[in-house]
Amino acid sequence: MLFLVAFSSLFFLIGIVVILFVEGLPVFAHVSLSQFLFGKRWYPTSSPPQFGALPLILGSLLVTGGGLLFAVPLGLFAGIFLAELCPPRGREVMKPIIELLADIPSVVYGFFGVVVIAPFVRDLLSLSTGLTAFTAALILGIMAVPSIVSVIEDTLTSVPRSYKEASFALGATHWETLRRAILPAASSGIGAAIVLGAGRIIGETMAVLMVAGGAPVIPKSFFQPVRTLTATIAVEMGEASVGSPHYHSLFSLAIVLFLFTLVLNILVENLIPGGRRRVR
Amino acid sequence: MEEIKLQIKDLNVFFGEKQVLHQISLNIPANKVTAIIGPSGCGKSTLLRSINRMNDFFEGMKVEGEIIFDGKNVYAEGVDPVIVRRRIGMVFQMPNPFPKSIFENVAYGLRIQGWRNKKAIEEQVIKSLQAAALWDEVKDRLYSSAFDLSGGQQQRLCIARAIAVEPEILLMDEPASALDPIATARVEELIRSLIEKYTIVLVTHNMQEAARSSDYTAFLLLGRLIEFGPTNQIFTKPQKKETEDYLTGRFG
Ligand SMILES: Nc1ncnc2c1ncn2[C@@H]1O[C@H](COP(=O)(O)OP(=O)(O)OP(=O)(O)O)[C@@H](O)[C@H]1O
Ligand SMILES: [Mg+2]
């Protein structure tokens with residue numbers, strides 16, 4: 001039974017990858033690989049169409065990097081607080097709340113971003129629009145916090161108590177113990193949490209579609225509208241006629257996205273067992 | 001009369017409702033090994049951990065009485081347990097090196113205490129490894145992981161780590177119980193060699209170990225101190241019936 005489940009998920013994975021490549025590769029009859037990856041213009045419906053995905057790739061990377069800038073410190077702080085500083089009763093209250101945050105549909109985050117954060121960002125920085133890479137990074141960063149927190153909390157609580165005891169017995173304070181014994185022992189798990197967060201952010205579609213502004217141009221600043229790979233696929237899939245170069249190009253964007261997440265997953269896989277081995 | 005390093009006076013320790021130690025009074029002589037023996041669960045570890053305030057971490061723990069160290073009660077108001085622990089080191093039952101190199105394990109306490117000078121740290125690390133009789137075995141691999149050492153070597157590393165910060169008292173909770181006989185013999189030998197500089201309190205439930213390594217022995221039973229005296233006297237002419245029963249293996 002378990003074998004069947006495992007087998008069917010493998011089957012789906014292979015199926016998806018095959019479809020991505022079968023539907024994506026034909027676009028390279030119309031555009032070379034380097035034009036696709038490094039072209040600066042994404043005008044799939046002009047004639048002749050232009051399939052330069054660089055603005056979208058950079059948009060995704062900018063939003064992901066920016067999102068991590070918010071998510072990592074917040075997640076680290078909250079994870080450390082939950083695992084090390086918070087009394088058990090506080091933890092019992094906080095953990096379900098954080099899990100609830102993870103369960104809020106992304107469209108709600110997007111809505112919140114459009115209605116609250118974007119106008120605030122616009123007025124604060126006197127921009128022409130508040131729908132920017134910065135706004136998207138902020139919202140997506142917040143969305144990634146719960147998963148980062150829970151992985152960090154798990155890693156920290158699985159650090160053997162004997163390390164803590166050894167450190168305290170040497171006259172270390174709580175803070176020194178955290179910094180010199182616990183965090184180093186948990187470093188690979190923390191790395192895994194960050195990579196996991198990056199995967200969350202880069203794959204996010206709905207919220208980023210709503211708040212990033214949607215301009216497929218090479219971002220020159222953090223405070224201008226951008227378009228990500230995911231948002232492009234979501235928006236344009238409806239209007240691209242099946243079998244057209246445009247249609248195939250969207251699958252190629254999905255291949256790029258897939259490769260990004262694949263790399264992130266490989267990173268996580270290599271971080272977590274390494275962590276176990278080192279931490280023991 | 002010998003110098004007294006630590007004076008335990010009418011010590012009661014509670015975990016929640018449960019009283020684990022009852023009215024313990026005990027003088028620990030300086031530069032000697034004092035063994036604490038007794039059956040499992042009698043409170044040996046609790047007594048040891050009360051001395052350097054390692055029990056503070058348990059919720060619901062309560063202490064009554066005094067432990068006078070250097071003229072001052074370690075439980076007096078305003079005493080920083082961190083400072084107490086810097087002066088009273090501890091070695092645990094299971095070797096517990098950090099997932100760091102051999103060198104960094106020994107240097108840990110020094111860095112905590114603010115040592116910055118590389119040369120001085122290095123010298124102290126070497127000196128401590130030598131004192132812990134580990135130097136010859138690790139001098140060629142100071143920067144490999146402490147986990148690559150055998151259990152006995154790890155325990156001596158933990159002893160080196162504890163003495164690197166030059167505490168005055170060393171508390172050892174069954175330091176040899178996880179080791180094989182040869183490693184045990186080395187640790188016991190090491191303990192004897194340390195008394196020149198340190199006062200040692202050694203918890204053990206191995207009678208031979210207590211007899212071999214200690215100068216004084218305290219026998220605990222159900223949280224009470226039954227008998228305390230020079231080791232050879234406790235082992236040859238115990239004053240209390242309970243001690244005799246325990247030593248002759250009638251319980252425990
Ligand atoms: N943190 C704690 N919370 C509650 N009870 C505790 C705690 N630590 C110890 N006890 C109880 O205190 C008693 C004494 O425990 P302690 O560990 O001091 O015994 P011990 O003599 O060291 O035994 P052993 O030889 O098995 O190590 C035991 O009944 C134990 O259950
Ligand atoms: Mg014990």
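What percentage of the 280 residues of chain A count as buried? In this predicted model, in which local features need pLDDT of at least 70, side-chain atom pairs count only at pLDDT 80 or more, and totals for chains, interfaces and linings use all residues, residues are numbered from 1 along each chain as its sequence is written, and chains are lettered from A and ligands numbered from 1 in the order in which they are written. Side-chain values use heavy atoms, with hydrogens and water left out. The share of buried residues in chain A is 45%, where buried means under 20% relative accessible area, exposed over 50%, and partly exposed in between (1.4 Å probe, protein chains only).

Chain A contains 12 helices and two strands. Helices (H or I, at least four residues) and strands (E, at least two) are DSSP runs, numbered from the N terminus. The order of these elements along the sequence is α-α-β-β-α-α-α-α-α-α-α-α-α-α. The C-alpha trace of chain A spans about 75 × 55 × 35 Å along its principal axes. For pairs at least 6 apart in sequence, 71% of the contacts in chain A join residues at least 24 apart, a contact being heavy atoms within 4.5 Å. Chain A carries 17 positive and 14 negative side chains, with the centres of the two sets 9 Å apart. Lys and Arg count as positive and Asp and Glu as negative, while His and the chain ends are not counted; the place of a charge is NZ of Lys, CZ of Arg, CG of Asp or CD of Glu.

Chain B has 10 helices and 10 strands. Its radius of gyration is 18 Å, which agrees with the value near 18 Å for a compact globule of 252 residues; the radius is taken over C-alpha atoms, and the globule rule is 2.2 Å times the number of residues to the power 0.38. The C-alpha trace of chain B spans about 55 × 45 × 35 Å along its principal axes, and 55% of the residues of chain B count as buried. Of the contacts in chain B between residues at least 6 apart in sequence, 67% join residues at least 24 apart. Carbon and sulfur atoms account for 48% of the accessible surface of chain B, about 11100 Å². The mean positions of its 31 positive and 32 negative charges are 2 Å apart.

B:Val106, in helix 3 (residues 102-112), counts as buried because its relative accessibility is 0%. Leaving aside residues up to four places away in sequence, B:Val106 touches B:Val125, B:Ser128, B:Leu129, B:Leu157, B:Ala160, B:Arg161 and B:Ala164. B:Asn96 is 10 residues from B:Val106 along the chain, with a C-alpha separation of 12 Å. B:Val187 belongs to helix 7 (residues 181-194) and, at 1% relative accessibility, counts as buried. B:Val187 and B:Ser213 are 26 residues apart in sequence, and their C-alpha atoms are 9.9 Å apart.

At the interface, 22 residues of chain A are in contact with 26 residues of chain B. The two chains bury about 1900 Å² between them, 62% of it on carbon and sulfur atoms; buried area is the accessible area (1.4 Å probe) that two parts lose on being put together, summed over both. On the chain A side, A:Ala169, A:Leu170 and A:Arg180 lose the most area to chain B, together 35% of what that side buries.

Conventions. Areas by Shrake-Rupley, 256 points an atom, 1.4 Å probe, with all protein chains shown as cover.
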